[in-house]
Amino acid sequence: MTSLLGSAVDLDVGAAAAGGSCVSRHEGRVVFVRHALPGERVRAVITEDRERFLRADAVEIHAASPDRVPPPCPYARPGRCGGCDWQHAAGDAQRRIKADVIRQQFTRIARLELPPFEVEELPGGLLGWRTRITYAVDPDGRPGLHRHRSHEVEHVDRCPLGVPGVGDTPALERTWPGHTGIEAARGDGPEVTLLAHRPGPGRQARGRRPPDRVSVVDGPATVDRSVLGRRFEIGAGGFWQVHPAAADAFARALLDSLEPQPGERVVDLYAGAGAFTAVLAAAVGPAGSVLGVESASSAVADAERNLGDLPWARVERGRVDAGLVAGLAPRPDLVVLDPPRAGAGPDVMRAILGLRPRAVGYVSCDPATLARDVAAAVDAGWQLGGLRAFDAFPMTSHVECVATLKPCATGSEP
Ligand SMILES: C[S@@+](CC[C@H](N)C(=O)[O-])C[C@H]1O[C@@H](n2cnc3c(N)ncnc32)[C@H](O)[C@@H]1O
């Protein structure tokens, strides 16, 4: 078959799909169209021609959606920066699209029809919210951001998603020969830390580079962050929710849905520096306990430094898997988990439910893996007790969910 790559086609655009495109059809094949919105008629250029589907960029809008707005960033255009997906949609439309995608994932993967819900807006607006950006560096050392599904670097003089000092870091004005990336990070204060990414030791395996060596080149080695009024001091390269309002929103959602009681025992899996560990510890009090489990030693060290006044809470270094979870004793009343994008997986889910907690709070940055893991829980006789979603990544297709799982009333309660 002749490749359609580079050819222009007129398309009627349907619903949004995961990943920031909308679904259309051309000559019997599905087309994933970027820079389009549901209901539009567009002229699109084919950017990828695969056996079973095509990808395309809308380059001309014949009939525009009422949700369409001019993208505020000059780099958010077909073929340019790939960091944002929905700059051309009004904020409320972005949140509607994300709710639709979550709903589709639960229907398709978990065979669950979700009750009506909205993706909640976080304070701060659509721009100027990213407290951490890792800029890519091209082979000549020039920094920028990756183009969509490409290793090519779009050279940018700023990223309007970044908070001041991060989106307009002076690091973008110079070259970084020998670097793989340059990262700007800011906490609640005005200081910005610059971290250099250099190629890590070891050989590339299965097309993947070994992890970068990351070191501070400018600014403080730690940043201050806070969750529900509690201050944390975190290694500048360590994990913390990137939207300034996110940690509070997710922690509050967990407290509201799980209602931890004084004296209860809680396990916090994938605990990072212990943001939720601390919040849960305050709720259960000294008669209770919270055990966090986290694989990154730097995050465990951050947790140790920050949880000293809560001796009934600790984060231990460990790699969460079904064996580790099954061995957790004593039996927890509540389990919280906040895994990376890949999710916990059905084996870990079954191990968690095997501990027979009274409820599980699952914080997820990927609705597809969340739906898969919720399906494993439903198969094990549990039910989805609640789902909230937050627009913690405006302008992008990313969205965060906080799901609550509860044993079915007829289940095997102790
Ligand atoms: C999404 S972050 C959540 C951190 C924390 N809950 C927070 O909000 O600050 C996921 C964390 O899981 C850790 N992690 C990834 N895989 C892990 C595993 N198998 N076992 C334990 N921790 C893991 C990462 O190092 C990271 O700190």
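**Reading a predicted fold: a dialogue**

Q: Which residues of helix H4 are buried?

A: In helix H4 (residues 297-306), the buried residues are Ala299, Val300, Asp302, Ala303 and Asn306. Buried here means under 20% relative accessible area, exposed means over 50%, and partly exposed covers what lies in between, with a 1.4 Å probe and protein chains only. Helices (H or I, at least four residues) and strands (E, at least two) are DSSP runs, numbered from the N terminus.

Q: Before we go on, what kind of model is this, and how are its residues numbered?

A: This is a predicted model, in which local features need pLDDT of at least 70 and side-chain atom pairs count only at pLDDT 80 or more, whereas totals for chains, interfaces and linings use all residues. Residues are numbered from 1 along each chain as its sequence is written, and side-chain values use heavy atoms, with hydrogens and water left out.

Q: How are the buried residues of H4 placed around the axis, and what covers them?

A: The arc is that of the directions from the helix axis to the C-beta atoms. The buried residues of H4, Ala299, Val300, Asp302, Ala303 and Asn306, cover an arc of only 155° around the axis, so they are on the same side of H4. Their cover includes strand S14 (230-235), strand S16 (289-294) and strand S17 (313-317), where contact means heavy atoms within 4.5 Å.

Q: Which residues of H6 are buried, and what takes place just after H6?

A: The buried residues of H6 are Val348, Met349, Ala351, Ile352 and Leu353. Just after H6, arginine 356 takes a positive phi of about 55°, and arginine 356 is a residue other than glycine. Arginine 356 belongs to the loop between helix H6 (346-354) and strand S19 (359-364), and its relative accessible area of 37% makes it partly exposed.

Q: Where is tyrosine 270, and is it buried or exposed?

A: Tyrosine 270, although not a glycine, has a positive phi of about 60°. Tyrosine 270 sits in the loop between strand S15 (265-269) and helix H3 (275-284), and with a relative accessible area of 18% it is buried.

Q: Which residues does a cis peptide bond join?

A: The cis peptide bond joins alanine 329 and proline 330, with omega about -5°. Proline 330 is placed in the loop between helix H5 (322-326) and strand S18 (334-337).

Q: How many disulfides does a search of the whole structure find?

A: A disulfide is a pair of cysteine sulfur atoms within 2.5 Å, and a search of the whole structure finds zero of them. Cysteine 81 is in no disulfide, and its nearest cysteine sulfur, that of cysteine 84, is 6.3 Å away. Cysteine 159 is likewise in no disulfide, the nearest cysteine sulfur being that of cysteine 84, at 6.1 Å. Cysteine 81 is buried, with a relative accessible area of 11%, and cysteine 159 counts as buried at 10% relative accessibility.

Q: What does tryptophan 86 touch, and is it buried or exposed?

A: Tryptophan 86, found in the loop between strand S5 (53-63) and helix H1 (91-110), counts as buried at 1% relative accessibility. Leaving aside residues up to four places away in sequence, the residues that tryptophan 86 touches include Ala16, Gly20, Cys22, Leu37, Ile97 and Met395. Its C-alpha atom and that of arginine 68, 18 residues apart along the chain, are separated by 9.5 Å.

Q: What does valine 216 touch?

A: Valine 216 lies in strand S12 (residues 213-218) and, at 38% relative accessibility, counts as partly exposed. Not counting residues up to four places away in sequence, valine 216 touches Thr193, Leu194, Leu195 and Ala221.

Q: How is the protein divided into domains, and what does its secondary structure come to?

A: Domain bounds come from an automatic or database domain assignment. The protein is divided into domain 1 (8-68), domain 2 (106-122 + 243-407) and domain 3 (132-220), and the C-alpha centres of domain 1 and domain 3 lie 31 Å apart. Its secondary structure comes to seven helices and 21 strands.

Q: How does the radius of gyration of the protein agree with that of a compact globule?

A: The radius of gyration is taken over C-alpha atoms, and the globule rule is 2.2 Å times the number of residues to the power 0.38. For 414 residues, a compact globule would have a radius of gyration near 22 Å, and the protein agrees, having 22 Å. Of the 414 residues, 52% count as buried.
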